Amino acid sequence: MYRTLAREIVKGQIQPIYLFYGKEGFLIEEMVHLLRKHVLPPEDPSFHEVILDLEEIPVQQLVQEAETPSFFGGRRLVIGKNAWFLTAVKGKDKVEHQPEELLRYAENPLESNVVVLIAPAEKLDTRKKTVKVLEKHCCTVAFPPLEEKELPGWVAKRLKQAGASAQPEAVRRLIRLTGNDLRMVDQECRKLAAYAGQEEITPEMVDQLVPRTLEHDVFKLVDCVARQKTDEALSILYDLLYQREEPIRILALLIRQYRIMLQVKVLAQQGKSERQIASVLGLHPYPVKLALRQGEAYTEKALRSLLLKAIETDQAVKSGKIDKVLALERFLMAQTPEPV
């Protein structure tokens, strides 16, 4: 849907009110940027734009801005971010909203202005009258996280926009290193394109230029343990310690990964799909898929035991009962997946 919207905006088919919602904030930001480009005048666009945080400012003030024509002529862009009052999620609202004012405006909007409401939640609360009415009068667009199968195409398109191309394995390696963080993926695509110039981006270029994240290394570490490659797991650990990563932080991420693996396994056994699991846990579908794959090496009982041992190790370190590096070494060396 958001791709269709982008084409409409480029063609000049601008709606008076937009309602954007979803967890993929980077794509929402890009759509707002596209609106700026096609709505606001190139000279002094800031004079024609108002951004309001609806956690701090009541929506009725946004309506007042929307009803005010530009003093300089042309269109105005009025953006209301953090519209949690349109969702079932409790935000940090410090104000009393009067949504009836928004509904009144939606029924007869000022054509010379463009209003954008942004709700950074997975879903709108369709039980609310405000949402039901807005969906009738606004251009409502969801921005869900990209699925794993969509990421390679998205990366290839980013590289093309930057004037570059990449070998398929280079794209896969970039995704493995950056995960589902589209903002980071975009930054690395730009960097790789600038480095490669007219050359095709290779896996070696990705390894050379794209930094590994701690989360990625911890994932690899867990993967090595699952495949009973203790030597490789310890090698990754010592590399992290050489890079001055804090052992307690490494242990915290190990606990997090084992907890996700357990939760994902339990929910999958209940018959839930990857997307449903991602929604329940508040995660992107991509790490859910990876956790499912890693969890195949363990029974549910074994994962519960691993998580408990990791938590006990963390408590022992924090209470000073054992050296933190030694604790990590012992924890990794003691893990042998129970046959599934």
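Predicted model: local features only at pLDDT ≥ 70, side-chain atom pairs only at ≥ 80, totals over all residues.

Reply: Residues are numbered from 1 along each chain as its sequence is written, and side-chain values use heavy atoms, with hydrogens and water left out. The protein chain has an average pLDDT of 88, and 97% of its residues score at least 70. Confidence is lowest in helix 10 (residues 214–226), with a mean of 80, and highest in strand 1 (residues 17–21), with 97.

Helices (H or I, at least four residues) and strands (E, at least two) are DSSP runs, numbered from the N terminus. Two packed helices are described by the angle between their axes and the distance between the axes. Axes are lines fitted to C-alpha atoms, for helices over the stretch in contact, and angles run from 0 to 180 degrees between N-to-C directions.

Consider helix 12 (residues 247–269) first. Its axis comes within 9 Å of that of helix 16 (residues 324–333), and the two cross at roughly 30 degrees. Helix 12 and helix 16 are therefore roughly parallel (angles under 35 degrees count as roughly parallel, over 145 as roughly antiparallel, 65 to 115 as roughly perpendicular and the rest as oblique). Their crossing is left-handed, that is, the near helix is turned anticlockwise from the far one by less than a right angle; clockwise would be right-handed. Pro247, Ile250, Leu251, Leu254 and Tyr258 of helix 12 are in contact (heavy atoms within 4.5 Å) with Lys324, Val325, Leu328 and Phe331 of helix 16. By class, the residues of this contact are eight nonpolar, no polar and one charged. Here Ala, Val, Leu, Ile, Met, Phe, Trp, Tyr, Cys and Pro count as nonpolar, Asp, Glu, Lys and Arg as charged, and the others, Gly among them, as polar.

Helix 11 (residues 230–242) also packs with helix 16, at an angle of about 160 degrees and with the axes 10 Å apart. Helix 11 and helix 16 are therefore roughly antiparallel, and their crossing is right-handed. From helix 11, Thr230, Ala233, Leu234, Leu237, Tyr238 and Leu241 meet Val325, Leu328, Glu329, Leu332 and Met333 of helix 16. This contact divides into nine nonpolar, one polar and one charged residues.

Methods. pLDDT = per-residue confidence, 0-100.
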